[in-house]
Amino acid sequence: MNFFPIFTQLRGRKVLIVGAGEVAVRKLSLVYQAGAEVIVVAPELGSSLVAFVNRVNHQRLSIIEREYQSDDLNDVHLVIAATANAQVNQQVFNDAEERKLFVNVVDNSPLCSFITPAIVDRSPLTIAISSGGEAPVLARLIRGKLESWIPASYGKLAQLAAKFRHRVKAALPTGTLRKRFWENVFEGVIADKVFNNESAKAESLLQQHLQHAVNASDVPTKGEVYLVGAGPGDPDLLTFKALRLMQQADVVVYDRLVSKPILNLIRRDADRIYVGKEKAAHCVPQNEINQLLIDLANQGKRVVRLKGGDPYIFGRGGEEAQQLVKAGVAFEAVPGITSAAGTANYCGIPLTHRDFAQSVTFATGHLKNNTVDLNWPALAQSNNTLVIYMGLTGLTTISEQLINHGRLANTPVAVVQNATRPDQKVVIGDLTSIAEKVVQAKIESPAMIIIGEVVSLYDELNQPSNDLPLIEALPLIEQDDVAEPLRKIA
Ligand code: SAH
């Protein structure tokens, strides 16, 4: 993080703006709206500045019409320089640094100890976005998305929360109860009323809801467990439901296959517990994981058990669910994209195709006592695609058994490591050559094995995504992140 974001309280504090052109006025209007006492120093005033001064009638605004001098920094909290004169800008920066004052020289990041972000304003809710000055266009694009995604009336919702905050704090003794209470307010019918401009109704519902919560607060809250599939690694493959639950969780219990970019989407203050699973070496034994989930739920927590792929496909989700039922803990399973589907789609290997395979089988290659205990005659059928999870160690045995049971030796095979992730690696061979090729390519777990004629489509369908036509680029506007004028909240 190159810049540490903070929100400053400028009400009643002095801010110096050096310069009086268009850019200076843009900055002036922002700090002015935040309640600052603004001093503008400049030898000449631009027409926008004159118009601004007339509009606010000199209130909280002093204009000093002369060149900048160091003493102008006396008694100010913040300095912004927006002049066309590089020497003056440099001087302002040097003086401010000497006095340890935060300074921003507009559009000159080496001369900034603070920068102004792009703002989405739903006062009192304020969202600030910054690319640290590196990609202002990107920051503005994101602001545009947030602007359309967060209704303007979210500000009113935040105002409602502010009005009742102390009452709720006094009525509900624990942080967990208060968190649940506010989540219900913000996501349910009360928020709908606010969005529909029915604020009186929203307030009376909120009071009723608070009374309910107080009455129920003596009863210990029962937690719940969500067995959530996180997909094979690319965070774009998460479901909306998975994301929502990850954002609401009190605690997330996850294993090795859940990728880092996905972990970054978990609510920041949720507890995270790693119970890393690796074939034949579970970090935490399964019965301890089951007990952990039950204990956490019994503490009243909302638990997300995050698993790679789909929880009910070779994920032990079924076993965990059975134990939860036995312990009387409420649970829900949330499907994820299983790695077979992720691999197939990201490699250009359709798992079925009318010319090649009319069925597909998912099997585990997990070795039990060094043997792969599978129904070989069934798996060796032609016109079937065989997808093997956890099969890397047993690959030689698997290939031999399939040939022994009638599958053609030249049946094509793909082995894919880290499917859907930026470091995805693919090795193509056939039943006789694949084991050796995998060793040569140093393929490691997690890897998926796809066996069958559909693999022959790889050459034709494996289109790198950078061959896709690009949407015409937006014209680049190289300027500071400019915030829009504050929205008025009715
Ligand atoms: N529940 C998971 C599977 C867990 S078993 C799912 O539905 O995908 C673990 C095995 O899944 C690994 O040994 C590997 O064979 C496969 N796997 C998981 N993620 C993978 C990935 N990104 N790339 C390739 N294989 C993966």
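Tutor: Contact here means heavy atoms within 4.5 Å. The model is predicted, so local features need pLDDT of at least 70 and side-chain atom pairs count only at pLDDT 80 or more, while totals for chains, interfaces and linings use all residues. Residues are numbered from 1 along each chain as its sequence is written, and side-chain values use heavy atoms, with hydrogens and water left out.

Student: Leaving aside neighbours within four places in sequence, which residues is Ile349 in contact with?

Tutor: Ile349 lies in the loop between helix H13 (339–347) and S13. Beyond its neighbours within four places in sequence, its contacts are Ala344, Ala414, Ile450, Val454, Val455 and Tyr458.

Student: Is Ile349 buried or exposed?

Tutor: Buried means under 20% relative accessible area, exposed over 50%, and partly exposed in between (1.4 Å probe, protein chains only). The relative accessibility of Ile349 is 0%, so Ile349 counts as buried.

Student: What is the relative accessible area of Phe362?

Tutor: Phe362 lies in strand S13 (residues 359–364), strands being DSSP runs of E with at least two residues and helices runs of H or I with at least four, numbered from the N terminus. Phe362 is partly exposed, because its relative accessible area is 31%.

Student: At what angle do the axes of helix H1 and helix H2 cross?

Tutor: Axes are lines fitted to C-alpha atoms, for helices over the stretch in contact, and angles run from 0 to 180 degrees between N-to-C directions. The axes of H1 (residues 22–33) and H2 (residues 47–56) come within 9 Å and cross at roughly 25 degrees.
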